[in-house]
Amino acid sequence: MIKKIAILANGGDVAGLNPVIRAIVKTAANKGIESYGFIDGYQGLLDNNYIRLDANSNVRGLINKGGCIIGSSTNTIVFHYPVKQEDGSVEYQDLSDKCVENIKKDGFDCLFTLGGDSTQKSARDLFVKGINCIGVPKTIDNDVACTDITFGYNTAVSVATEAIDRLHTTAETHHRIMVLEVMGRYAGWIALESAIAGGADVCLIPEIPYDINKAALKIKNRMAMGKKFSVVVVSEGAKPIDGESSTFVSDVGDGTGIKVKFAGAGDRVAKELQELTGLESRCTTLGYMQRGGCPTSYDRVLSTKYGVKAMELALEGKFGTLTILKNGKLDSVDLEEVVGNNKELGAVEGGTNESNVRLVTLDDELVRTARDIGIALGD
Ligand code: F6P
């Protein structure tokens, strides 16, 4: 019998978080269930910091709102939490017991975890420790295992497609190569889908290490046909066949530790293409534009379906699961499957193979489609 539920959002924000919250809270309210939201993801769970979510007050009007009314915390892993020591050093500790205690003490019957691979790994670990977790797959990168789509992805692809459209006209006017760098860390879904939607000429993704000469050849062939401009989409994690992705190490100095960030892939490609083709090249990095703002109608509906499904799973007592969309059908899988071979309780950085992400495969329909219409993938 469920009386009280809590929601948290963890990881980078996406358009669609508020609609998922709205759908869960509304469905719960219809069954007489009270809803709460932990502030700033797992951080709020650790600090026992939560607010009441009310279908008739703070959850009204959220269907088209970007952001997240309960915030989200990136990189908070309660199983591997950086605790600042007196001497200023950082010691990583497992604080998950405190989270379990908070959930039990205040009588939450179910915890909905809105997040990507790393968030769902922690949800699965908390489930193993006795918490009734149900995950909802969120990330613009679309790289959560076991589902065909995550909420927020469609909006990111729309934003990237609009950017490509705009770059196209300016590229053509000034006879330039316009490079657009999009997000996706280790997964090229946003790059590939927006490149197809925007009619790009070259698309470089992390899963297909590129030979810059092959990309340049495509552009030179276009030039030979009198097309004095080209549009290139580069995923932030794209890497040359004989090199690494463009990353830097970030330490904000707030005690949350060192993080690897992606930056510079587009600039690198633009510079090399200019040298190889003699065409002036410019790079635009789309960055956080892909995460902010209103969700598309597709994401509003997907998020609503996911929220309703998540609450249904809770009512059926199907805990330790993730809502998914597979072959167009709403369904669920065990979080155990989502974490793959990564069975040990504890920390796992998001986005890596160890965290079990869904990457683009060479035989994917999108890859074949891109090749067939002549988009060069750099291989
Ligand atoms: O996981 C989504 C994502 O948008 C990645 O594509 C990107 O590398 C990352 O988040 C950056 O997020 P932040 O700077 O907030 O950690």
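**View 1. Glu 280 sits in the loop that links α8 (265-277) to β13 (281-285).** Helices (H or I, at least four residues) and strands (E, at least two) are DSSP runs, numbered from the N terminus. This is a predicted model, in which local features need pLDDT of at least 70 and side-chain atom pairs count only at pLDDT 80 or more, while totals for chains, interfaces and linings use all residues. Residues are numbered from 1 along each chain as its sequence is written, and side-chain values use heavy atoms, with hydrogens and water left out. Glu 280 is partly exposed, as its relative accessible area is 34%; buried means under 20% relative accessible area, exposed over 50%, and partly exposed in between (1.4 Å probe, protein chains only). Residues up to four places away in sequence set aside, Glu 280 touches Arg 176, Ile 177 and Gln 274, where contact means heavy atoms within 4.5 Å. The side chains of Glu 280 and Arg 176 are joined by a polar contact of 3.2 Å. A polar contact is a pair of N or O atoms within 3.5 Å; within protein, one must be able to donate a hydrogen and the other to accept it, and residues adjacent in sequence count only if both atoms are side-chain atoms. Between the C-alpha atoms of Glu 280 and Val 128 there are 55 Å, and the two residues are 152 apart along the chain.

**View 2. Seven strands form an open sheet with mixed pairing.** Their order is β3-β2-β1-β6-β7-β14-β15, and two strands pair if DSSP finds at least two bridges between them. At the edges are β3 (50-53) and β15 (329-334), each of which pairs on one side only.

**View 3. Strand β7 (residues 133-137) pairs with strand β6 (residues 110-115) in the parallel sense.** Five bridges connect the two strands. Phe 112 has Ile 134 of β7 as its bridge partner, and Gly 115 stands opposite Pro 137 in β7. Five of the five residues of β7 are buried, so the strand is largely enclosed by the rest of the structure.

**View 4. Lys 121 belongs to helix α4.** The helix (residues 117-128) lies across β6, β7 and β14 (321-326), and runs at about 160 degrees to β6. Axes are lines fitted to C-alpha atoms, for helices over the stretch in contact, and angles run from 0 to 180 degrees between N-to-C directions. Lys 121 counts as buried because its relative accessibility is 2%. Apart from neighbours within four places in sequence, Lys 121 is in contact with Val 339, Asn 342, Glu 344, Leu 345, Gly 346 and Val 348. A polar atom of the Lys 121 side chain lies 3.4 Å from the backbone oxygen of Gly 346.

**View 5. Residues surrounding the ligand include Ile 140, Met 183, Arg 185, Lys 261, Tyr 288 and Arg 291.** A residue is near a molecule if one of its heavy atoms lies within 4 Å of it. Asp 141 places a polar side-chain atom 2.9 Å from a ligand oxygen atom. For Glu 236, a polar side-chain atom lies 2.7 Å from an oxygen atom of the ligand.
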